[in-house]
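Here is a short briefing on one protein model. Look over the sequence and the structure, then read the points below.

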Amino acid sequence: MTLPSEFVIRGGRVVDGSGRAAFAADVIVTDGRIRLAEAGEASGFESVEVDGLVVSPGFIDTHAHADVEPYLEDEQVHAARIVQGVTTEIVGNCGFSPFPVPAGRDEVLGSFLSVVFGPQASTFEEFDGYREGVEAKGLASNVAPLVGHGTLRAGTLGYENRHATPAEIELMRERLERALTAGAFGMSTGLCYTPATYAPPAEVQALAEVVARVGGIYSTHIRNETDLTADSLEEAFQISRATGVPVHISHLKVAGGRHWGTSGEIIAQLEAARAEGVDVTADVYPYTAASTSLHSLLPPWTAQEGIDRLFENLGDEDWRQRVTHDLENGVPGWQNLGTAAGWHNVTIATSVRRPEWEGKAVADLMEPDERPIDAIARVLDTNRGKVVVVIEAMDADDVTAFLTWDHSVVGSDGIPLPGRPHPRLTGTFPRVLRRYRDALGSLEAAVNRMTGASAQRFQIPDRGFVADGLVADLVVLDPDAVSDRSTYAEPWLRPEGIHHVIVGGKPAVWDSELVDGRTGVVLRRGQA
Ligand SMILES: [Zn+2]
């Protein structure tokens, strides 16, 4: 598909990303930028007729893990987000970013990152090396990277279960500041994951101070999303109060059946924090199941001698007994998500070496006389530890309540790996437009939470709206037909109703087919 560098999208209704009512206008794309013309006014341009369709800003996924996805070289994975209309992804989430990784630390970081990024998990010393690397490989969507606290910590202390020394904190602060100055948008934490979970709040605060100073954002996958959700949110608020950093809660949820129905209390807590001046927002994905790595459901001490050591211990009966004790009885502060959800609700998503296990629950893989750890160990050992699971853990009404909170935006938390991934990777944005449009009030309101509001929150200039002079990241969609089709059983089914996707003025998806998988760039904070 080649279009000239100037063309007009004619006959559509513009949903401009601000939340205001749709209006008729022709959208001229010239030199990669937008110019609005009154309907029928623009002539002399090659035209794309879109009668009856909606022209919206490209969607911004505020919670993605596609940092090094181009290195995977998997066409299906590569197309999965752009065909939904996602033109920008905030990456580096949950503490996982492929930079800054000091020389000599790439092996430790490789095993830390490969769980989310896959075996192709490349690492980079600096932001610029990352940018050049992924751009050369070819990004479909733009990415706006955060610096992962897990990466900073593993790159400085490895997997040691202790507090960082003042000198180590200083080193992390320097590396963070360098990446932020080069263009990273902020910092993320994944405080339930090893080795980040060994960090006390003071360490995170010392880093958040640097983020606040440069004007970035702090995105946090909080320490505990089951029994201690309120305490964990308070930890995030406290870091914002102490440093002034804007705080963004990743994939806001309450997980585990005994907490269902508590979204009202959580939202009241968020509102109270806002009322006293904490600048807090959140992202939400429109599903009741979570997804993460299988080994992260084990007690935190299992990784304290490194992730490779964890996998060496899998066959040790004493180790299995200790794990079983902690899975059954808990460890103070630890969220114990697998037990909270129930092992019949934990389903294998990616098991490259035994694909027949994909779609099966841990409980289904247990022989009659086995404990959960016996099945878990078998799956981990067979796959050298690289196993992603889907965990049915949330209440549908809570999801709706969080998604419709005034200060929520949409984020998929998709993990771009082959196998049978959580369908949020391929369906999040059309699903919100289809199933949550009424709850959100209107199509315009739904689009706002995946475009304009997201661009403002993450300070992405020149994107997120259809307005004169902004970058032409655009989606042409059918408001009546738009829908997700991906399911847990068939996660690769593409959505319906997303006709064209344009990134930087270039067609990436045309007539619902990927036509150019290299239209994206790495965005830099403060730079258009
Ligand atoms: Zn997360």
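Along the chain, the donors of the zinc ion follow the spacing C-x126-H-x29-H. Donors are N, O and S atoms within 2.8 Å of the metal (3.2 Å for Na, K and Ca); water is not among the atoms, so sites may look incomplete. This is a predicted model: local features need pLDDT of at least 70, side-chain atom pairs count only at pLDDT 80 or more, and totals for chains, interfaces and linings use all residues. Residues are numbered from 1 along each chain as its sequence is written, and side-chain values use heavy atoms, with hydrogens and water left out.

**Zinc site**
- The protein donors are C94 (SG), H221 (ND1) and H251 (NE2), lying 2.1 to 2.2 Å from the zinc ion.
- Both H221 and H251 are buried (under 20% relative accessible area; exposed is over 50%, partly exposed in between; 1.4 Å probe, protein chains only).

**Salt bridges**
- The structure holds 34 salt bridges (a side-chain nitrogen of Lys or Arg within 4 Å of a carboxyl oxygen of Asp or Glu).
- D279 and R457 meet in one of them, at 3.0 Å from N to O.
- D279 is partly exposed at 33% relative accessibility, whereas R457 is buried at 14%.
- R463 pairs with D473 in a salt bridge, their closest N and O atoms being 2.7 Å apart.
- Both R463 and D473 are buried.
- E496 forms a salt bridge with R485, with the closest N and O atoms 4.0 Å apart.
- E496 is partly exposed at 41% relative accessible area, and R485 is partly exposed at 36%.
- A network of salt bridges links E317, R320, R371 and D374.
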